[in-house]
Amino acid sequence: MGNVDLHIHTVASDGALTPLQVVEEAGAKGLIAIAITDHDTTAGIDEALRAAEGTALEVIPGIELSADQGSEEIHILGYYVDHHDAALQKKLDVLRRARRKRARRMVEKLAALGVPVRWERVLEITAESSAFGRPHIAQALKERGYVISANEAFDRYIGLEGPAYVSRYKLTPVEALEMITAAQGLPVLAHSRGQEYRLRELAAAGLVGLEAYYPSYSMKESEALARLAEKHNLIPTGGTDFHGYAGGVTTALGEVGVPPESLERLRTLAKSRTGDVGTRGRSRG
Ligand SMILES: [Zn+2]
Ligand SMILES: [Zn+2]
């Protein structure tokens with residue numbers, strides 16, 4: 001089942017497979033389209049586009065941005081972004097630097113609290129990626145035996161109320177939408193369950209779709225989200241949020257039942273906005 005997967009991470013952020021491996025696996029599974037949506041970086045896209053060249057697989061250049069409103073975080077996916085757009089790259093660089101700086105400061109705070117973890121180890125866990133996050137620090141704490149689980153690390157140290165918490169440079173949801181739209185991309189609300197109340201506001205700010213098909217959603221939930229999408233004139237999309245097969249992840253690439261019409265509608269919309277979808281990545285690769 002399923003031959004479209006619009007939410008995939010590679011080693012360019014926190015995924016386990018290289019873009020080439022993702023494309024090979026997608027090809028072997030007979031998928032017709034995939035979107036590479038790494039956190040805060042488009043570094044994996046050219047490799048994926050090259051790997052898919054001359055095959056039946058469409059690779060959609062994408063991105064996943066985090067945005068905050070108050071203490072809540074939402075993720076915005078961008079499809080068909082012009083990943084060579086200079087302004088986009090500049091903004092992504094700012095985000096990546098901010099993530100790294102923040103992780104470093106938390107490591108410093110932990111040392112001051114008497115639970116030191118090695119910065120080098122955090123770098124290794126993050127696998128040189130752009131997507132420094134608190135889960136990586138939680139893992140380092142766990143490895144040192146200071147906590148027995150990531151939850152405990154958040155509760156005791158790096159959660160919002162924790163003594164080693166450092167707030168992050170925050171993109172607002174509207175800024176994330178604008179960043180994607182300015183780079184010719186189509187913004188879509190990632191893993192949208194629980195975010196239904198935001199749709200009116202986000203749609204008014206340029207959102208074009210919501211992720212309704214997602215591994216942890218029941219068919220009933222997906223259908224309800226898809227209906228809600230239509231109500232707000234949004235395209236229901238979906239993907240596995242694939243990160244590789246480590247850590248007990250069992251959802252395989254493509255196994256999420258995205259309707260092919262979703263892809264068609266995204267494509268049509270992208271075309272109507274730019275007129276040259278499908279040649280963009282290749283011609284500038
Ligand atoms: Zn996400
Ligand atoms: Zn994701």
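The model is predicted; local features need pLDDT of at least 70, side-chain atom pairs count only at pLDDT 80 or more, and totals for chains, interfaces and linings use all residues. Residues are numbered from 1 along each chain as its sequence is written, while chains are lettered from A and ligands numbered from 1 in the order in which they are written.

The protein contains eleven helices and seven strands; these are DSSP runs numbered from the N terminus, with helices being H or I of at least four residues and strands E of at least two. Its radius of gyration is 19 Å, close to the 19 Å from the globule rule for 285 residues, so the protein is as compact as a globular protein of that length. That radius is taken over C-alpha atoms, and the rule is 2.2 Å times the number of residues to the power 0.38. The C-alpha trace spans about 55 × 40 × 35 Å along its principal axes.

The seven strands form an open, mixed sheet in the order S1-S2-S3-S4-S5-S6-S7; two strands pair if DSSP finds at least two bridges between them. S1 (4-8) and S7 (235-238) are at the edges with a single partner strand each, so one side of each lacks a neighbour in the sheet. Strands S4 (residues 72-79) and S5 (residues 186-189) run antiparallel, joined by four bridges, and Leu77 stands opposite Val188 in S5.

Angles run from 0 to 180 degrees between N-to-C directions of axes, which are lines fitted to C-alpha atoms, for helices over the stretch in contact.

| Helix | Strands | Angle |
|---|---|---|
| H7 (residues 173-182) | S3 (58-69), S4, S5 | about 155° to S3 |
| H9 (residues 219-231) | S6 (209-213), S7 | about 160° with S6 |

Key: Two residues are in contact if their C-beta atoms, placed from the backbone, lie within 7 Å.
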